[in-house]
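Here is a short tour of one protein model, written for someone who likes to know the cut-offs behind each value. Please keep the structure open as you read.

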Amino acid sequence: MNVNQAFNSANFKHRVTSMNPILALLMVFAMTLVALTLLPFLLLFGLISFLTLRFLGKKMLRRQQAEQAHAYQNYANVQREPTAPYADMFKRSGTSQASKTGRTFEHQAD
């Protein structure tokens, strides 16, 4: 038997129309009951896998970033990328910001 014959529209129509309505109703109820029974377990599995991947992913990413940070530590002659111009433009300097308190703009009298 060819697989396509099982899904032939004429055969499918005949099977659906010739099915006992009580049997069809029982099949629908059985499928609904199975779906409602398995749905909480499926959602629980999804939640557990999401949380596991989230926490393990952070841990693995932290480890990988630490490895990358120490990758060129032993190689002093490696050509490194120059820092971008104005990269530290908006960084706060620790000494000047710590001494200033109050308003950021002082108006000078005329």
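The report goes from the overall fold to confidence, the surface and two residues.

A word on the ground rules: this is a predicted model, in which local features need pLDDT of at least 70 and side-chain atom pairs count only at pLDDT 80 or more, while totals for chains, interfaces and linings use all residues. Residues are numbered from 1 along each chain as its sequence is written, and side-chain values use heavy atoms, with hydrogens and water left out.

**Fold and confidence**

The protein has four helices and zero strands, which read α-α-α-α along the sequence. Helices (H or I, at least four residues) and strands (E, at least two) are DSSP runs, numbered from the N terminus. Confidence is given as pLDDT, the predictor's own score for each residue from 0 to 100. The protein averages 77, and 69% of its residues reach 70 or more.

| Element | Residues | Mean pLDDT |
|---|---|---|
| Helix H3 (highest) | 21–69 | 89 |
| Helix H4 (lowest) | 94–99 | 53 |

An unreviewed UniProt entry places a "transmembrane region" at residues 22–53; such annotations may be inferred rather than shown by experiment. That span is 100% helix, and its end C-alpha atoms lie 46 Å apart.

**Surface**

Of the 110 residues, 0% count as buried (under 20% relative accessible area; exposed is over 50%, partly exposed in between, with a 1.4 Å probe and protein chains only). The accessible surface comes to about 11,500 Å², with 64% belonging to carbon and sulfur atoms.

**Two residues**

Leu 44 sits in helix H3 and is partly exposed, at 44% relative accessible area. Met 19 lies in the loop between helix H2 (9–17) and H3. Met 19 counts as partly exposed because its relative accessibility is 32%.

Key
Accessible areas come from the Shrake-Rupley method with a 1.4 Å probe; for residues, only the protein chains shown count as cover.
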